[in-house]
Amino acid sequence: MESDLFNQEKTKNYKKAIIVGASSGMGKELCRLLIRDDYTVGITGRRENLLKELQSESPARIFYRAFDVRDMSKTAKGLRELIKELGGLDLLVLSSGTGFINEELDPEPEFQTIYTNVTAFTDIMTYGYRYFQKHPPGHLVGITSLGGLRGNPSAPAYSASKAYQAIYLEGLRLKNRKSGDNISITDIRPGFVDTDMARGDKIFWMAQPEKAASVIFRAIRKKKRVAYLSKRWRFIAVLMKLLPRSVFEKL
Ligand SMILES: NC(=O)c1ccc[n+]([C@@H]2O[C@H](COP(=O)([O-])OP(=O)(O)OC[C@H]3O[C@@H](n4cnc5c(N)ncnc54)[C@H](OP(=O)(O)O)[C@@H]3O)[C@@H](O)[C@H]2O)c1
């Protein structure tokens, strides 16, 4: 009986997703939702113990690879192996990211942010786009931030890196439209979410990662171009974009 169930699991036609950065936070919660929605999921992160723990929740349908996204050769190998294990790929979600409150403007945290949020982001997005060009259709999802809409005096590299990500995703969306590659591109722009990433003392309207993941999940199903975690945050986004520089700089 047990082996029958196992064989059913193996032969069922699951959708296939990879979440880069699923050892904690929104990526982890999204993995749980995708598993409930008939996906098999490849998860990554550096903390192998946490990946293993998440995998144990659905051992037949979660695969993992531990690697640091800043090491491009390991990333390519990890993604390649996961795609092989999953038997293809329909959805690639990039949730890995870092950021530092850096009042001293120490260069090291700024560069660490760029390596993860800009260089590794580009590495993974180009990998995903090129993969889906060869194996359409596909769906690429990036978790950018509301913080990318304006400069942040306490975390300049973080806000700049998130602006880069949002513009990069827009570029890919236009590229797809021009070329007809059949690749959907979704940009998720959270406000504050209660994870390790949420640092600083001016935190308000904090969402729980489970709630954030459910919004991301809906945005994936609807193949939304851009999604905010709530109407409130969408309103703040519009306001941030419209606010004249002279007013913004006085806040
Ligand atoms: N939390 C917020 O308030 C907020 C708001 C707006 C946007 N975001 C964005 O949302 C995304 C997800 O963050 P989260 O809030 O869910 O935080 P989180 O719990 O810290 O998750 C970040 C994930 O990225 C992985 N990661 C970070 N650096 C990595 C590296 N060098 N190599 C491999 N994996 C790496 C982490 O895994 P390991 O540590 O195991 O490597 C972890 O799984 C990030 O891009 C973040 O910028 C967050």
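Reader: What makes V41 count as buried?

Author: Happy to start there. V41 has 28 C-beta neighbours inside 10 Å, and a residue is buried if 20 or more lie within that distance, so V41 counts as buried. Please keep in mind that this is a predicted model.

Reader: Where does V41 sit, and which residues is V41 in contact with once its neighbours within four places in sequence are left aside?

Author: The place of V41 is in strand β2. Leaving aside those sequence neighbours, V41 is in contact with A17, I19, C31, L34, I35, R61 and I62. As for R218, it is 177 residues from V41 in sequence, and the two C-alpha atoms are 17 Å apart in space.

Reader: How do you know whether strand β2 as a whole is enclosed or open?

Author: Count its residues. Seven of the seven in β2, residues 39-45, are buried, so the strand is largely enclosed by the rest of the structure. Both faces take part: Y39, V41, I43 and G45 point one way, T40, G42 and T44 point the other way, and all are buried.

Reader: What makes β1 and β2 a pair?

Author: The bridges do. Two strands pair if there are at least two bridges between them, and six join β1 (residues 15-20) to β2, the two running parallel. As one example, the bridge partner of K15 in β2 is Y39. Between these strands the chain crosses through helix α2 (residues 25-36), and this β-α-β crossover is right-handed.

Reader: And how do you know that β2 pairs with β3?

Author: The cut-off is at least two bridges, and β2 and β3 (residues 62-66) have five, in the parallel sense. Here T44 stands opposite R65 in β3. With helix α3 (residues 48-55), the strands β2 and β3 make a right-handed β-α-β unit.

Reader: What makes N182 exposed?

Author: N182 has 12 other C-beta atoms within 10 Å, and the cut-off is 12 or fewer, so N182 is exposed. N182 is found in the loop between α6 (156-179) and β6 (183-189), with phi near 65 degrees, again positive in a residue other than glycine.

Reader: How do you know that the span of helix α8 agrees with its number of residues?

Author: The expected span is 1.5 Å times one less than the number of residues. For the 12 residues of α8 (residues 231-242) that should be 16 Å, and the end C-alpha atoms are 17 Å apart, which agrees. The number of buried residues in α8 is zero, so this helix lies largely in the open.

Reader: Finally, what surrounds the ligand?

Author: 28 residues do, and the closest are G21, G25, G45, R46 and G97. By class, the shell has nine nonpolar, 14 polar and five charged residues. Helix α2 gives the most to this shell, with three residues.

Note on methods. Residues are numbered from 1 along each chain as its sequence is written. This is a predicted model: local features need pLDDT of at least 70, side-chain atom pairs count only at pLDDT 80 or more; totals for chains, interfaces and linings use all residues. A crossover is right-handed if, with the strands pointing away from the viewer, the path from the first strand over the helix to the second runs clockwise. A residue is near a molecule or strand if its C-beta atom, placed from the backbone, lies within 6 Å of it. Ala, Val, Leu, Ile, Met, Phe, Trp, Tyr, Cys and Pro count as nonpolar, Asp, Glu, Lys and Arg as charged, and the others, Gly among them, as polar. Two residues are in contact if their C-beta atoms, placed from the backbone, lie within 7 Å.
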